[in-house]
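Hi,

Here is the structure I promised to send over.

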Amino acid sequence: MKNTIKQAFHSSKFVTGFVIFMFVLVTIFVYPLIVTRDPLEMVGQGNFFKPGTYVAVSDVVGTNSNYRLNVDTSAAKLETGLSVENRAMMADWLEKYGEVPASDIDVTDAESLVALWNEKYDPKTVIKGMTIAVRNQYMRLNNQIQHALKDSGVIIAEKNEETGELEEAKSYDGREFVNQGDLPNTQTFLLGTDNFGRDVLTELVAATKVSLGVGIIAGVIATIIGLILGLLAGYVGGFVDNLITFITNLFTVIPSFVLLILISYSVSESARGTTMVGILIGITAWPWTTRSVRSQVISLRNRDHVNLSKLSGHSMMRIVFTDILPYIASYVVMAFILQISSGILAEAQLSMLGLGPSTTTTATLGLMMNWATQYSAHTSGTWWAYFPVILVIALISFSLNLMNTGLDQIFNPQLRD
Amino acid sequence: MRDFNNAKPCLTGKGVTKTFGFGDKKMNAVDHVDFNFHEGEFVSIVGESGSGKTTLSKMLLGLISVTEGQIDFQGKPRDISTNAKKKEYWKGIQAIFQDPFASYNMFYKIDSVLLDCLKMRGDGSLPYEKKFELMTEACSFVNLKFAELTNKYPFELSGGQMQRLMIARIFLLKPKILLADEPTSMIDACSRATILDMLLKLRDEINMTIIFITHDIGLAYYVSDTVYIMEHGKFVEYGPADKVILNPQAPYTKRLINDVPKIYEEWDLTTV
Ligand SMILES: Nc1ncnc2c1ncn2[C@@H]1O[C@H](COP(=O)(O)OP(=O)(O)O)[C@@H](O)[C@H]1O
Ligand SMILES: [Mg+2]
């Protein structure tokens with residue numbers, strides 16, 4: 001046993017899978033110690049805030065800033081401040097009345113566009129044929145541009161309680177800066193927020209833990225059922241074998257996922273918690289474990305060490321536990337690993353169909369996918385709501401399958417190339 | 001060579017048959033064989049690979065069912081219908097298998113094999129010193145030192161050592177009948193002669209019936225009192241070893257003998 005474990009850690013595939021899986025495990029246990037927020041707390045009002053650090057606006061204004069930087073902020077302001085419509089309007093005017101060839105006008109370069117505008121446009125000139133309304137529109141546009149270019153900043157006014165008049169409380173010019181560290185309220189959402197305004201990263205970590213739990217429940221149940229039935233069918237043989245093989249084949253003919261959908265559908269929504277979903281997946285996933293355990297046992301039961309054990313007067317139970325089980329233990333471990341992996345995938349698939357755990361108190365990877373789809377995250381370009389979930393599912397099943405392949409190469413060396 | 005015509009029969013069979021498969025694939029691996037093995041007799045069953053020797057031995061051991069025919073054990077019809085009766089039967093008949101590497105449970109130390117024998121004998125409650133003594137005695141019968149082997153796993157032993165330990169097991173159990181299914185075919189030539197000598201010693205000291213299964217007719221001639229020649233599940237010829245091998249009747253026996261060119265020459269022990 002000790003040898004086998006040592007051997008496993010010499011397989012690079014197993015080690016890679018193991019390291020990835022451990023990374024996931026450590027994350028789901030350590031992260032909640034650092035971020036203690038309820039993973040389903042609705043932090044944001046509104047859905048799908050993009051990843052980044054969020055700063056309370058009133059705190060920015062209220063912070064005593066002593067940082068005056070010699071940075072011209074107007075360019076950046078112009079770049080984001082001039083809307084596409086305004087730029088089109090400017091280009092239109094320059095072409096028609098400023099006699100600038102269309103090829104010289106670049107609406108994507110705000111700075112040169114504004115320079116060109118300042119050079120040509122004079123609000124006092126009256127252009128023949130232009131209605132007053134249109135003329136006023138251009139003048140408003142000009143004011144807007146001149147305002148954006150000004151560096152004078154803003155005035156914070158407070159309302160006087162007695163007179164009701166506004167009084168200047170503070171003024172800021174364009175060159176004043178605030179150090180982010182001086183701000184009392186910042187919130188970093190590395191993966192943004194989801195449709196309910198919940199922090200996706202925190203939610204994802206919690207969901208991974210729950211989904212892994214579902215996978216393990218499903219894997220344990222499927223492996224126990226599969227092992228017991230496989231041992232019975234393989235070792236006892238005869239009628240017991242025929243019966244179990246018949247049932248197993250029946251389950252194989254009806255795709256277990258269809259069965260799972262039907263059963264999940266018939267379980268009342270209130271009873272369908274995460275544990276229940278794990279159990280449901282487990283009781284539909286055992287057939288292939290049964291089949292592979294059965295064939296392993298059949299090849300073992302005629303081995304001479306089993307015959308010798310019989311001749312030594314050992315009972316059937318004892319033979320199964322000492323002469324059969326240790327020989328298939330490694331195989332069963334491998335089957336268990338694969339069952340966990342497919343259990344996690346089954347939960348995600350069920351949840352996508354709306355048949356997953358019906359709970360509002362915990363998230364699972366499948367539920368996160370389901371929510372993201374329902375709020376059309378995939379069409380609105382809010383990748384952070386679903387892509388990290390897919391990545392985690394892929395990472396877990398990749399690491400488990402890698403561990404399995406590594407073990408397989410150790411136990412079935414003839415497969416090694 | 002002794003004469004066993006008047007010796008007590010200990011295992012007899014009439015029309016013993018084993019059929020494998022169904023329908024078109026149906027085949028008789030053992031086909032209506034009759035035999036009569038006596039107490040203290042060294043019997044060889046000789047046949048090519050696939051002739052049904054192992055199948056017959058498993059039926060004799062009660063490890064697989066008999067399709068047709070009757071087996072008598074010590075003069076009475078054999079009854080192994082319950083687990084308790086099987087357990088009782090196996091006190092009287094034991095086996096050594098062909099492949100020593102497959103005969104041991106690789107997850108348990110070799111001690112457990114010998115301790116199981118003591119338990120089967122009814123010596124399970126003896127103090128450990130006494131058990132140690134018995135196991136040491138059994139091992140020295142096959143030229144092994146138990147003190148050196150204790151706490152070792154099967155894979156730490158050589159094939160020859162493993163097979164000798166199997167004989168030590170028989171020495172502890174002292175069954176009436178020992179079935180040895182090609183016990184020497186998977187081990188080195190040096191150990192072969194020793195194993196055969198030990199089987200002969202068991203017969204001489206305990207008056208055990210030895211049923212020795214082999215594909216090597218020369219080996220059978222060297223050790224046995226009686227020889228049964230098996231071809232395609234049938235006994236084509238049987239009788240005292242001298243008679244069958246020096247004066248073979250069946251063409252199959254003649255062919256087997258011709259495959260061993262040295263059969264009429266002086267026996268050279270290093271070749272067995
Ligand atoms: N469990 C089984 N099922 C089907 N056929 C078998 C089985 N065991 C043995 N046979 C067949 O019975 C024949 C005799 O085999 P066996 O007794 O092992 O021969 P031997 O020991 O003389 O080499 C072979 O043709 C073999 O294929
Ligand atoms: Mg054989």
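Strand S4 (residues 68-73) of chain B pairs with S5(B) in the antiparallel sense, and two bridges hold that pairing. Asp72(B) sits opposite Pro77(B) in S5(B). Before you zoom in further, do keep in mind that this is a predicted model.

Those two strands belong to an open sheet of four, in the order S2-S1-S4-S5 (chain B), with antiparallel pairing. S2 and strand S5 (76-77) of chain B stand at the edges with a single partner strand each, so one side of each has no neighbour in the sheet. H1(B) packs on this sheet, where it touches strand S1 (9-20), S2 and S4 of chain B. The direction of H1(B) makes about 60 degrees with that of S2(B).

Which residues surround ligand 1? On chain B they are Phe20(B), Met27(B), Ala29(B), Glu48(B), Ser49(B), Gly50(B), Ser51(B), Gly52(B), Lys53(B), Thr54(B) and Thr55(B). Sorted by class, that shell has three nonpolar, six polar and two charged residues. H1(B) gives the most to the shell, with three residues.

A few distances to oxygen atoms of ligand 1 are worth checking on your screen:

- Gly50(B): a backbone N or O atom lies 2.6 Å from an oxygen atom of ligand 1.
- Lys53(B): here too a backbone N or O atom is involved, 2.9 Å from a ligand oxygen atom.
- Thr55(B): a polar side-chain atom lies 2.5 Å from an oxygen atom of ligand 1.

Taken alone, ligand 1 exposes 560 Å², and the protein buries 58% of that. Strand S2 (27-38) and helix H1 (53-61) of chain B are the elements that give two or more residues to the shell around ligand 1.

There is another sheet in chain B. This one is open, has six strands in the order S6-S7-S8-S3-S9-S10 (chain B), and shows mixed pairing. Its edge strands are strand S6 (93-96) and strand S10 (234-240) of chain B, each of which pairs on one side only. From one strand to the next, the twist averages 15 degrees.

Strand S9 (residues 226-231) of chain B and S10(B) run antiparallel and are joined by six bridges. Thr226(B) has Pro240(B) as its bridge partner in S10(B). Helix H11 (residues 251-258) of chain B packs on the sheet and touches strand S3 (42-46), S9 and S10 of chain B. The direction of H11(B) makes about 105 degrees with that of S9(B).

Cheers

Notes. Residues are numbered from 1 along each chain as its sequence is written. Chains are lettered from A and ligands numbered from 1 in the order in which they are written. This is a predicted model: local features need pLDDT of at least 70, side-chain atom pairs count only at pLDDT 80 or more; totals for chains, interfaces and linings use all residues. Side-chain values use heavy atoms; hydrogens and water are left out. A residue is near a molecule or strand if one of its heavy atoms lies within 4 Å of it. A polar contact is a pair of N or O atoms within 3.5 Å; within protein, one must be able to donate a hydrogen and the other to accept it, and residues adjacent in sequence count only if both atoms are side-chain atoms. Accessible areas come from the Shrake-Rupley method with a 1.4 Å probe; for residues, only the protein chains shown count as cover. Ala, Val, Leu, Ile, Met, Phe, Trp, Tyr, Cys and Pro count as nonpolar, Asp, Glu, Lys and Arg as charged, and the others, Gly among them, as polar. Two strands pair if DSSP finds at least two bridges between them. Contact means heavy atoms within 4.5 Å. Axes are lines fitted to C-alpha atoms, for helices over the stretch in contact, and angles run from 0 to 180 degrees between N-to-C directions.
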